Amino acid sequence: MSLFSNLLNLHSGSKPLEDFFTEIVAYFLSLNNDILVDWLKHHSIISDDNYSSVKISTQQEHKGLESHTEDSRLDIVVELSTGLNTDVIFIESKIGAKDGNNALKKYAEILSNLPNVRHRILIYITRDYDPKEEIKTPAFNLEPKISFYQLRWHQFYARLQQHPTDILVQEILIFMRKNGMSHINQFSSVDLLTMVNFNKTLNLMESTLNDEVQQEFKVAFGGVINGAASRTQWKWDERYIIYTHLCPLKWDFCCGVGYFGLNPSNLTDYPYLGIFLQVSHKFAQRPKIIESMQKVINDKPNIWTPINLTILPAWSAIFYQKSLQEFLSEKDQLSAIKLFFQESIKELKTVQEEYFDFPWKGVSIEADKEDLDTSSSSVTQL
């Protein structure tokens with residue numbers, strides 16, 4: 001799971017996804033004015049002006065005009081100055097909801113009424129398809145005129161992919177993928193191959209996790225979750241696993257075995273196979289579990305991989321894993337993978353007995369609605 005997903009999960013109840021992501025993007029662009037200008041030029045929103053200063057603000061309050069029934073709060077305001085002239089851009093961001101209460105019209109009218117502005121630009125950027133064909137250019141026939149542009153978040157995602165070495169960019173890309181903002185409007189050749197081979201791939205993975213592997217997992221850890229949850233894990237957490245909860249609070253402490261990294265940002269990367277043990281930052285016994293995990297890593301650094309053991313608040317985990325690439329040369333790949341899964345189960349069972357001084361008790365049930373809703377409840381393998 002990305003850093004931003006962990007931070008968003010700190011909110012109890014309804015999560016402010018749109019405002020949260022707005023702050024992430026605004027902060028990133030304030031640090032990277034060159035990427036902001038490049039993005040705007042790419043969509044022909046601005047020309048090749050050399051701006052001497054760029055100011056970005058969020059949640060900016062504007063008093064309503066006489067025709068408005070309420071004040072407005074703008075997601076992002078960008079002020080671009082050449083020293084002599086100032087261009088102002090209002091950005092309205094949507095992830096789930098759509099434009100309501102004629103908000104865009106109000107923002108355009110506020111923008112048109114700003115003094116001492118050369119170019120006035122309104123951008124409506126959405127995750128989902130929400131056409132605004134009724135908005136003309138100049139927008140709403142206002143004077144001074146407003147230039148209106150409609151964009152999608154997947155276009156911004158594509159621009160960010162051009163900066164693969166930037167750590168902050170990678171965190172943003174992970175967060176966007178997790179929240180459905182990376183989708184494009186066309187099927188690629190890779191998408192078509194995935195589509196026609198999906199069932200074959202799924203059947204192969206299922207065959208390596210069924211029967212003996214599932215039974216050994218259940219015997220070792222006291223239970224296994226059955227049902228559609230494994231496929232939901234693939235969608236939300238980029239992994240296909242069988243697993244069990246090790247405490248009454250379900251995802252707060254659990255383990256699972258299977259395939260990880262099923263949606264890599266780089267198509268040349270291979271998925272990983274193996275087993276994991278993970279704990280929530282909210283779990284009461286987390287300090288004791290983390291201490292034991294750290295001992296495992298210290299004693300077996302070449303076998304176990306740590307994830308977020310020293311970062312708070314965050315989900316933390318240890319992984320016993322191998323790359324799928326290591327199995328491709330095997331004559332019988334499926335048998336080799338099943339043997340590795342069985343080895344992984346034995347290794348985690350050994351770790352449990354040697355490093356943890358309290359019992360684990362898994363559950364063995366059909367996955368219920370809560371189990372299926374795992375979009376913000378786990379560590380995603382790196």
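Predicted model: local features only at pLDDT ≥ 70, side-chain atom pairs only at ≥ 80, totals over all residues.
Residues are numbered from 1 along each chain as its sequence is written. Local features need pLDDT of at least 70 and side-chain atom pairs pLDDT 80 or more, while totals for chains, interfaces and linings use all residues; side-chain values use heavy atoms, without hydrogens and water.

**Exercise 1.** Find how many disulfides the structure holds.

*Solution.* Start with the cut-off: a disulfide is a pair of cysteine sulfur atoms within 2.5 Å. The closest cysteine sulfur to that of Cys 247 belongs to Cys 254 and lies 8.1 Å away, too far for a bond. Next, take Cys 255: its nearest cysteine sulfur, in Cys 254, is 7.1 Å away, and Cys 255 is in no disulfide. The total for the structure is zero.

**Exercise 2.** Decide whether Cys 247 and Cys 255 are buried or exposed.

*Solution.* Buried means under 20% relative accessible area, exposed over 50%, and partly exposed in between (1.4 Å probe, protein chains only). Cys 247 has 9% relative accessibility, so Cys 247 is buried. Cys 255 has 0%, so Cys 255 is buried.

**Exercise 3.** Work out how many residues of helix H4 (residues 103-112) are buried, and which strands they pack against.

*Solution.* Helices (H or I, at least four residues) and strands (E, at least two) are DSSP runs, numbered from the N terminus. Of the ten residues in H4, nine are buried, among them Leu 104, Tyr 107 and Ile 110. Now look for contacts (heavy atoms within 4.5 Å): the buried residues of H4 pack against strands E1 (53-62), E2 (72-81), E3 (86-94), E4 (120-126) and E5 (147-152).
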